[in-house]
Amino acid sequence: KHFINPDWVDDLEKSVDRYKKFLRKNPNRQGVPISESRIPCQIEKDERFWIITALLTLYYSENRVEQFCNLFTRVYGKRPPLRDFETWEQCFEGELHIFFERSLSPPSKYVKEWLPNNIEKVHFIPYVLDASLNKYGERREDLEGPTECDAIIINENGFSVIVEAKVLSDISVDTTFNTMRNQIARIIDVMLEPGSNKDNVLSKREPDKTLFLLITPRLFKENPHTRLYGYKFREYKECPMKIEKDLPHRAEENINWCEISRRLGWATWEDFREINPMCCKWLEV
């Protein structure tokens with residue numbers, strides 16, 4: 001099963017209609033000013049459109065398991081970097097679900113203990129520090145909201161993948177009350193927490209069986225220095241202890257950061273296209 005907000009479907013359908021009208025009006029787009037093409041052609045760089053169509057093309061293919069296994073073998077290697085699975089087939093066979101743009105709650109220890117007690121070490125703007133207090137002058141315990149994930153793949157056996165998809169954008173470098181909390185570290189943080197929402201499929205996600213997958217154009221994977229996520233991803237892969245440095249509230253948890261680092265993967269949209277030609281058909285490969 002897959003889960004998409006109906007409002008997003010409506011927005012995407014409107015975007016497709018604008019795009020088709022633009023192409024009918026401009027069969028030859030050469031010389032058309034960006035001021036005229038930016039809005040009607042937004043779909044060409046719409047991360048929501050790219051991730052939904054790419055994942056669902058694999059999901060609804062006749063060879064779903066084979067194609068997902070091919071993709072993840074490219075990214076992580078022949079064997080899953082997880083203790084409980086010997087093969088990728090074990091990860092993807094069975095009842096597979098995909099959620100798009102779902103929220104995962106921040107770690108309770110971080111929002112209720114570490115951040116309230118350390119906010120002055122990670123922020124320095126007076127009005128922000130003022131806003132971190134309630135009307136009685138006490139530090140609030142709700143200083144970070146849920147982390148938005150572009151997609152979450154979940155199997156009934158607990159295997160899951162948290163996906164961050166990029167086309168042209170970079171990762172965010174902070175949150176409202178923490179100037180030092182980058183987006184990849186934040187996703188890894190929620191990845192290490194148990195599944196929430198006990199009444200639905202998201203509760204089946206198990207931290208020890210969860211991977212993080214970054215998806216970007218191949219251009220940026222081959223030139224990682226051009227994006228902040230390129231620097232952070234390579235740093236976390238080459239020096240896993242840097243993950244702990246960016247998640248200081250977990251310093252006493254005795255986490256094997258080398259194991260966590262192995263669970264970080266980087267795929268490209270071109271990988272999808274090469275595995276299934278119906279994916280990202282606008283790309284040349």
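1. The model is a predicted one. A pair of aromatic rings is described by the distance of the centres and the angle of the planes.

2. In the pair of F49 and W282, the ring centres are 5.5 Å apart and the planes stand at 35 degrees, so the pair is classed as tilted. F49 belongs to helix α3 (residues 47–59), while W282 lies in the segment after α13 (269–275); the pair therefore ties together parts 233 residues apart in sequence. As to accessibility, F49 has a relative accessible area of 18% and is buried, because the limit for that class is under 20%. W282, at 38% relative accessibility, counts as partly exposed.

3. F72 and W88 also form a tilted aromatic pair, with 5.4 Å from centre to centre and 50 degrees between the planes. This pair links distant parts of the chain, F72 being in helix α4 (residues 64–76) and W88 in helix α5 (residues 88–92), 16 residues apart. Both F72 and W88 are buried. They are also members of one aromatic cluster, formed by F68, F72, Y76, F85, W88, F92 and F159.

4. Which charged ends sit over the rings of Y59 and Y110? Over the ring of Y59 sits the charged end of R64, 3.9 Å from the ring centre. Over the ring of Y110 sits the charged end of R181, at 4.0 Å from the centre.

5. D46 is placed in the loop between α2 (34–37) and α3. Its relative accessible area of 15% falls under the 20% limit, so D46 is buried. Between D46 and T210 there are 164 residues in sequence and 26 Å in space, taken from C-alpha to C-alpha.

6. Two packed helices are described by the angle between their axes and the distance between the axes. For helix α8 (residues 183–191) and helix α10 (residues 228–238), the packing angle is about 45 degrees and the axes are 9 Å apart. The helices α8 and α10 are therefore oblique to each other. On the α8 side, I184, A185 and I188 make the contact, meeting Y229, K232, F233 and Y236 of α10. By class, the contact of α8 with α10 comprises six nonpolar residues, one charged residue and no polar residues.

Terms used:
Residues are numbered from 1 along each chain as its sequence is written. This is a predicted model: local features need pLDDT of at least 70, side-chain atom pairs count only at pLDDT 80 or more; totals for chains, interfaces and linings use all residues. Side-chain values use heavy atoms; hydrogens and water are left out. Rings of Phe, Tyr and Trp (its six-membered ring) pair if their centres lie within 6.5 Å; planes under 30 degrees apart count as stacked, over 60 as edge-to-face and the rest as tilted. Helices (H or I, at least four residues) and strands (E, at least two) are DSSP runs, numbered from the N terminus. Buried means under 20% relative accessible area, exposed over 50%, partly exposed in between (1.4 Å probe, protein chains only). A charge sits over a ring if NZ of Lys or CZ of Arg is within 6 Å of the ring centre and within 35 degrees of the ring normal. Axes are lines fitted to C-alpha atoms, for helices over the stretch in contact, and angles run from 0 to 180 degrees between N-to-C directions. Angles under 35 degrees count as roughly parallel, over 145 as roughly antiparallel, 65 to 115 as roughly perpendicular and the rest as oblique. Contact means heavy atoms within 4.5 Å. Ala, Val, Leu, Ile, Met, Phe, Trp, Tyr, Cys and Pro count as nonpolar, Asp, Glu, Lys and Arg as charged, and the others, Gly among them, as polar.
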